[in-house]
Amino acid sequence: VAIKGIERELICPSCKELFTHPLILPCQHNVCHKCVKEILFAFEDSFADGGSESSNQSSPRIRISASSMDRIDRISRSGIKRNSLTPRSTLFPCPGCQRDIDLGERGINGLFRNFTLETIVERYRQAARAAIAIMCDFCKPPPQESTKSCMDCSASYCNECFKIHHPWGTLKAQHEYVGPTTNFRPKILMCPEHEMERVNMYCEICRRPVCHLCKLGGCHANHRVTTMSTAYKTLKEKLSKDIQYLISKESQVKAHITQLDLLLKETECNSERAKQEACQSFEKLYHVLEEKKSAALRAIETSKNIRLEKLQTQVEEYQGLLENNGLVGYAQEVLKETDPSCFVQTAKQLHVRIQKATESLKTFRPAAETTFEDFVVDIAKQEDILGDLSFHSNGLEIPEINEEQSRMYNKALISWECPGKTDSADIYVLEYHKLNREEENVIWQKIEVCGKSKVVSDLDDDSSYAFRVRGYKGSVCSPWSREVILRTPPAPVFSFLFDDKCGYNNEHLQLNPRRTSVESRAGFPLLLGSERLQVGCYTTLDYIIGDTGIAKGKHFWAFRVEAYSYLVKVGVVPSNKIQKLFHSTHDVTSPRYEQDSGHDSGSEDAFFDSSQPCTLVTLGMKKFFIPTTPAAPKDPASRILPLPSCLGICLDCDRGRVGFYDADRMKCLYECEVDCSGIMYPAFALMGGAAVHLEEAVIAKYREYNDDI
């Protein structure tokens, strides 16, 4: 094999020089021992400096890529804290594969030295400096050229020094010696985890040599291992077979190289052609702009000349009104005429001119405007268009905003996807703006996103926003997606949990551990409770309230009601009526008959009972029932609406009103007055099989990178 032909494989990906004491990383890439230490030091400094650019300037050899610095900055922002009692960072940004590699607790001490690669590098160096001799390490100056190197002593000797330091009949005489070299490798490979043990097995999971202690009680205890001889034989057979296959395909490889050479030339030609076309396109724009510029300047110059001419004429006319000057001077000369006939003949026309001059003097107005407001060029739209000027590609798919996965609550969560389900873009740009009829020029807010979702905060309440997204791959971008309009809640979002103490009936209601969902089960306890009731009577409504109250201001909260729910009531209750709510005599009632009243109370025209302890609306069987009020429609069918997938309640304590909303569209379904004299609590009532889930707040979550270990 021509040693000089494999130089590319002998270059460290970090320092870009020949390997020096290379170490094998868990990702199977090789890096110089010194480079590994420098990268780890720079990595540690980046945690302390927050990933600043100055943190990797200590060594001129080290070259940390921008992507590695981005990962360092991301990990440092993730909140990892270290002190003197915790081990040093074992995360290592591999310069070969650009991944964050976990070196384990031992860090650099747990890595194997690649002696095979080191030997090949030494052979390459010897081939490159064949004329340079290796000198004896023990000769007195001037040293002699060495003739052999001792692998046990790790030194080079001339013939005389070798005889002196390896006398016949001693143990040193049995040392192994080779030709002159500077690459000394140990005879036995020792385990870096257990320094006194030699490696005699190979872990097939971690793809590294291990000793018997690693297998018995170390980190490889449950891994599949094989003997070193078996691994040597297997890997050598595979490598030899693969090499023979590649050698047999030499003609095919050469054909591919020829094809690639042609592609290189074609790429150069096509890039030059693309540059020329881009230059021509911009030249066209320059030409259009120059024409528009010249036309605008000509129009301004023409208007200026006309205005100056009018103003100059007006100046001359007013100068003629001065004594002994112009019109007045001429009139003074006419007055000197003594012949009546001649005077009348001239004075009539002159008098008309004098009257006009007098009128113009009383109502003075400049003959032309001095401002050029009509000549201001509006380039706002053109600036936006030029800002979006980029290479458009038909191969880059247009992303689509997924309205089902996107939602608007305390913040906006915008999700999108590509129709082909392929992530062909490197980065996405999300733009949004507030819909305002008064604003003519729309200003889009821009956010760059690496994934396919983004949480947008700081939006105004009770407002509509338009969103759009496009993908970028290098300098090529896709067209904008279809604009999607979402509306923010009418008030700030109010956060609370279900109260599991105040009046909570754990026999009929079941809360989840986070207290964000409540379920009413129509089980055996409900049958026992209904045994004492007469036919046609409802069973008890099970109430539950929020654990946080509202004293003032305007607030909004949302929740979801399961489609199978039979009966659910939602609304608000003041603190001074909570006890009455949980001990209400109306808990057991009939829709047409009350046992103690003695009369029919089920008239369809009966209005909502104002004596109820709380303000609630009824939901159930996938329907929303508008309460019976004087303002409500008289037709019962018109008071029944489809149940939205997400409901919202807006309480305005200052105005004393509560509204019930379709939270998906932020549309008000029903609004009424409410007594807010006390602290108000969200209230829910369930009967039979029913469930209510509080809407969770939108939070910004850090995306997990698949390339992190």
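**Group meeting: aromatic pairs, salt bridges and a surface patch**

Good morning. I begin with the aromatic residues: Phe138, Tyr157 and Phe162 form one aromatic cluster. Rings of Phe, Tyr and Trp (its six-membered ring) are paired here if their centres lie within 6.5 Å; planes under 30 degrees apart count as stacked, over 60 as edge-to-face and the rest as tilted.

Before going on, a word on the source. This is a predicted model, in which local features need pLDDT of at least 70 and side-chain atom pairs count only at pLDDT 80 or more, while totals for chains, interfaces and linings use all residues. Residues are numbered from 1 along each chain as its sequence is written, and side-chain values use heavy atoms, with hydrogens and water left out.

On confidence, pLDDT is the predictor's confidence in each residue, from 0 to 100. The protein averages a pLDDT of 78, and 80% of the residues score at least 70. Over residues 50–67, however, the pLDDT is below 50, and this stretch has 35 contacts in the model beyond near neighbours in sequence. A contact means heavy atoms within 4.5 Å. Residues 702–709 also stay under 50 in pLDDT; for them the model has 16 contacts beyond four places in sequence.

I return to the aromatic residues. How many aromatic pairs does the rule give? The count comes to 14. One of these joins Phe372 and Phe375, a tilted pair with 5.8 Å centre to centre and 55° between the planes. Is Phe372 buried or partly exposed? For this talk, buried means under 20% relative accessible area, exposed means over 50%, and partly exposed lies in between (1.4 Å probe, protein chains only). Phe372, at 30% relative accessibility, counts as partly exposed, and so does Phe375, at 27%.

The pair of Phe559 and Phe684 is edge-to-face, with 5.4 Å centre to centre and 85° between the planes. Phe559 lies in strand β25 (residues 554–561) and Phe684 in strand β33 (residues 680–687), so this pair ties together parts that are 125 residues apart in sequence. Helices (H or I, at least four residues) and strands (E, at least two) are DSSP runs, numbered from the N terminus. Phe559 is buried, with a relative accessible area of 1%, and Phe684 is buried at 0%.

Next, the charged residues. Side chains of opposite charge can pair when their charged atoms come close. A salt bridge is taken as a side-chain nitrogen of Lys or Arg within 4 Å of a carboxyl oxygen of Asp or Glu. A search of the whole structure finds 21 of them.

Consider Glu431, which is buried, with a relative accessible area of 4%. Its side chain meets that of Lys446 in a salt bridge of 4.0 Å, N to O. Glu431 lies in strand β16 (residues 427–434) and Lys446 in strand β17 (residues 445–449), so the pair ties together parts 15 residues apart in sequence. Lys446 is exposed, with a relative accessible area of 52%.

Glu431 also meets Arg468 in a salt bridge, at 2.8 Å, N to O. That pair links distant parts of the chain, as Arg468 is in strand β19 (residues 464–473) and Glu431 in strand β16, 37 residues apart. Arg468 counts as buried, at 12% relative accessibility.

A further salt bridge joins the side chains of Asp652 and Arg655, at 3.6 Å, N to O. Asp652 is buried at 7% relative accessibility, whereas Arg655 is exposed, with a relative accessible area of 54%. Elsewhere, salt bridges that share partners join Arg407, Arg560 and Glu695 into one network.

I turn to the surface. Which residues form a nonpolar patch there? They are Phe282, Leu285, Tyr286, Leu289, Leu386 and Leu389, with about 580 Å² of accessible area together. Patches are made of residues with over 30% relative accessible area and no salt bridge: like charges are joined within 9 Å, and nonpolar side chains (Val, Leu, Ile, Met, Phe, Trp, Tyr) within 5 Å. Accessible areas come from the Shrake-Rupley method with a 1.4 Å probe, and for residues only the protein chains shown count as cover.

Helix α7 (residues 250–319) gives the largest share of the nonpolar patch, 4 residues. Tyr286 lies in helix α7 and is partly exposed, with a relative accessible area of 48%.

Arg123 and Asn183 are 60 residues apart in sequence and 9.1 Å apart in space, C-alpha to C-alpha.
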